[in-house]
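Hello,

Here is the structure I promised to pass on. Please have a look, then read my notes below.

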Amino acid sequence: MDDWLEHLQKADSAVAELVRKELDRQEYGLEMIPSENYASLAVLEAMGTILTNKYSEGYPGRRYYAGNKFIDQVENLAIERAKKAFGVPYANVQPYSGTPANQAVYMAVCNLGDVVMGQGLLDGGHLTHGWGTSFSGINYKSVQYHVKADGYIDLEEARKLAKENRPRLMWVGASAYSREYPFEEFSKIAEEVGACLAADVAHVAGLIVGGVHKDPAPYVHIITTTTHKTLRGPRGAMVMVTKRGLEHDPDLGAKIDKAVFPGLQGGPHDQTTAAIAVALGEALKPEFKGYARQVVQNAKALAQRLVGNGVKIVSNGTDNHLMLLDLTPFGKGKGVFVQDALEGAAITVNKNTIPADPAPPFYPSGVRLGTPALTTRGMKEPEMGLIADWIADIVKDSKDIMLPEDKLERRSAVKAFRSSVGKNPKVAEVKGQVTDLCKRFPLYPELR
Ligand SMILES: *Cc1c(COP(=O)(O)O)cnc(C)c1O
């Protein structure tokens, strides 16, 4: 028996038990939510250290508390590695997560009420890029660009909107977009209207550092990213300023620092900063290039086999780690049913809107899935083939269930479907195959 939870087990067996159950869920399921990954034991250890005990408001060499001799070195290490990994002259590694990182960019660049522009949420963009229910859409005048029917960003619309509305800040980057982000094209638009251009590479950061996705640094002023997605670090984020950004505004770095602290946050999470340093150290190793390459190869293999099995994919394929299944040929609003059926088979994905979705966003017609976590486990093209076949089987098996037109009936239909999943023989069959596959690719064997 392991002892990795020795003290927790003794002090609080209820929490220890839940952590063990979650480890089992992660181990015996196929994690295909494209924003998730498995951090290394080194990253996990750094997160679980006594660095959590320290207060260190401020920045290395200029703190508001004593005793930060070693914390300064930890943070400087993370900053230096971030600069190296992304080829930028400036990095702030303190944002608690992706959303506060983006908030810092608004605070550094805009005044309240300024015009900002980003990719619409229902078109794959992120809440923080100007969606109405987010601070970004509430506090700023948001203009949103969209994707075309073929799934690619409508650059003509983006240029037209930028010229008409003259945004102070423009975002390029997304959460559910399977093609390379057009940094160069956006840099031309930003130049034409004098906007500050920020790339939010939360999803593809690992692919950029691994050299398989275009590098935004030559084109944008600011780069933000989470550290827990393809970068495979702890939950956290960074804001970086490029050489181009410092040419645009020499004070941009200082403005970002001020926005993060004291603008939005208090003391940084030093244990997370240490884990970010560790993750960046891993990402700078040659092996990480192989990981990034395999993530994309796996996604392409998965997409190709799904299409071969008659499952439609938005834009008909992928350049990165994720894809959107377009389930409309089987009926509109099927995302939630397919998500739940797949969960029954221990394949974790998320329902997602597709471009011009005919169904409402809470009952979208798509499913988003990807390969970063499976690739971390060591799975390759042959496994993607098996998984694509299973997903296609389940999609087809759910073809008869339809989303009711009546709004009140919808909830009970989803509930009824959910409780039927446990009795579905196809789901049970796939679940058995998923378990066998997971046993061949053990996760965290050291913790067992
Ligand atoms: C995930 C994500 C974020 C936000 O990250 P949180 O850590 O969940 O706040 C921001 N932008 C994009 C594009 C993302 O995909």
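**Around the ligand**

Helix H5 spans residues 98-109 and gives the most to the shell around the ligand, with three residues. Keep in mind that this is a predicted model.

In total, 13 residues surround the ligand. The closest are Ser97, Thr99, Ser175, Asp200 and Lys229. By class, nine residues of the shell are polar, two are charged and two are nonpolar.

- Thr99: an N or O atom of its side chain lies 2.7 Å from a ligand oxygen.
- Ser175: here too a side-chain N or O atom is involved, at 2.8 Å from a ligand oxygen.

How much of the ligand does the protein cover? On its own, the ligand has 380 Å² of accessible area, and the protein covers 85% of that.

Domain 1 brings 24 residues to the contact, and domain 2 brings 26.

Together the two domains bury about 2000 Å² between them. Carbon and sulfur atoms account for 59% of that area. Which residues of domain 1 lose the most area to domain 2? They are Ser178, Arg179 and Arg232, together 29% of what the domain 1 side buries.

Best wishes

Technical notes:
Residues are numbered from 1 along each chain as its sequence is written. This is a predicted model: local features need pLDDT of at least 70, side-chain atom pairs count only at pLDDT 80 or more; totals for chains, interfaces and linings use all residues. Side-chain values use heavy atoms; hydrogens and water are left out. A residue is near a molecule or strand if one of its heavy atoms lies within 4 Å of it. A polar contact is a pair of N or O atoms within 3.5 Å; within protein, one must be able to donate a hydrogen and the other to accept it, and residues adjacent in sequence count only if both atoms are side-chain atoms. Accessible areas come from the Shrake-Rupley method with a 1.4 Å probe; for residues, only the protein chains shown count as cover. Helices (H or I, at least four residues) and strands (E, at least two) are DSSP runs, numbered from the N terminus. Ala, Val, Leu, Ile, Met, Phe, Trp, Tyr, Cys and Pro count as nonpolar, Asp, Glu, Lys and Arg as charged, and the others, Gly among them, as polar. Contact means heavy atoms within 4.5 Å. Buried area is the accessible area (1.4 Å probe) that two parts lose on being put together, summed over both.
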